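Okay, thanks for making time, everyone.

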Amino acid sequence: FSFSSSDLHLKNTQIPTSLIAFSDHEENYYPVTYISEHFFDYYNIHASKGRLFSQAEYEVGTANFIPAILGSSYASSFQVGDILDKKYKIIGILAPNASDLDRQLNSNIVKLDNQIILPMVINAKIWGGCYVNQLVFSTNQKDAIQNIEKIIQKYGFQDYSIRNMNT
């Protein structure tokens with residue numbers, strides 16, 4: 001699995017101000033986590049309403065909207081089926097206290113209650129809407145790192161580092 005953390009600019013005024021990650025020139029940014037297909041299984045995360053992403057949503061997305069899953073803190077403001085910023089369709093809301101580990105920094109538990117979750121493949125198609133500050137990959141396949149480096153080079157990322165967390 002893999003995931004990245006970032007902040008997403010949204011114009012929606014329904015979102016409680018307590019969920020804003022930061023504001024810049026009166027534009028609000030919200031915490032977002034982009035995930036690959038095994039993330040939910042790895043961390044045993046479930047939806048309390050709606051559903052999690054289908055395999056097809058990791059591969060191609062949908063024709064009209066980007067599927068989104070919201071952390072439980074959004075549950076009082078949004079429902080499954082709602083549309084955010086005419087772009088993101090809410091397909092699920094996570095169970096309270098869903099979490100993962102911040103393997104990059106210090107292995108602290110990171111709660112997903114305030115996060116917007118998007119499938120990783122969509123992330124590659126809309127880089128312009130956010131700034132990615134970390135990508136984390138977990139694998140036991142020896143050739144995976146070389147494949148990841150090829151993808152990084154293909155998309156032209158220049159400022160990156162790769163660390164082996166087992167050493």
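Let me begin with what I mean by an aromatic pair: two rings of Phe, Tyr or Trp, taking the six-membered ring for Trp, whose centres lie within 6.5 Å. And please keep in mind that this is a predicted model.

With that definition, the structure holds six aromatic pairs. Take Phe-22 and Tyr-29: the ring centres are 4.7 Å apart and the planes sit at 5°, so this pair is stacked. The cut-off there is under 30 degrees between planes. As for the two partners, Phe-22 is partly exposed at 35% relative accessibility, while Tyr-29, at 17%, counts as buried.

Now compare Phe-39 and Phe-40. Their centres are 5.9 Å apart with the planes at 75°, so we call that one edge-to-face. Phe-39 and Phe-40 are both buried. They also belong to a cluster: ring pairs link Phe-39, Phe-40, Tyr-42, Tyr-43 and Phe-53.

Okay, on to the nonpolar cores. In general, nonpolar side chains in soluble globular proteins tend to be buried together. Which residues touch the most other members of the largest core here? Those are Ile-116 and Leu-118, in a core of 19 residues. The elements giving two or more residues to this core are S3, strand S5 (66-70), S7 and strand S10 (116-119).

If you skip the neighbours within four places in sequence, Leu-118 is in contact with a whole list of residues, including Leu-8, Val-32, Ile-35, Phe-53, Ile-66, Ala-68 and Tyr-88.

Next up, backbone angles. Most residues other than glycine have a negative phi. Which way do Glu-26 and Asp-85 go, positive or negative? Glu-26 has a positive phi of about 65°, and Asp-85 is positive as well, with phi near 50°. Glu-26 is in the loop between strand S2 (22-24) and strand S3 (27-35), and at 82% relative accessibility it counts as exposed. Asp-85 sits in the loop between strand S6 (83-84) and strand S7 (88-94). With a relative accessible area of 27%, Asp-85 is partly exposed.

Thr-13 is in the loop between strand S1 (2-9) and S2, and at 78% relative accessibility Thr-13 is exposed.

Last one, and it's about charge. Asp-113 lies in the loop between strand S9 (108-111) and S10. What is the nearest side chain of opposite charge to this buried residue? It's Lys-111, at 5.0 Å, and Asp-113 has no salt bridge; the cut-off for one is 4 Å. What the side chain of Asp-113 does have is a polar atom 2.9 Å from the backbone nitrogen of Asn-97. Again leaving out neighbours within four places in sequence, the contacts of Asp-113 include Gly-71, Ser-72, Ser-73 and Tyr-74, along with Ala-95, Pro-96, Asn-97 and Ala-98.

That's my tour. Happy to go back to any of these on the screen.

Terms used. Residues numbered from 1 in each chain as written. Predicted model: local features only at pLDDT ≥ 70, side-chain atom pairs only at ≥ 80, totals over all residues. Heavy atoms only, no water. Helix = DSSP H or I, 4+ residues; strand = E, 2+ residues; numbered from the N terminus. Buried < 20%, exposed > 50% of the residue type's maximum accessible area, 1.4 Å probe, protein only. Phe/Tyr/Trp six-rings, centres within 6.5 Å; stacked < 30°, edge-to-face > 60°. Core = buried A, V, L, I, M, F, W, Y, C linked by side-chain atoms within 4.5 Å. Contact = heavy atoms within 4.5 Å. Lys, Arg positive; Asp, Glu negative; His and termini not counted. Polar contact = N/O pair within 3.5 Å; in protein donor to acceptor, adjacent residues only side chain to side chain.
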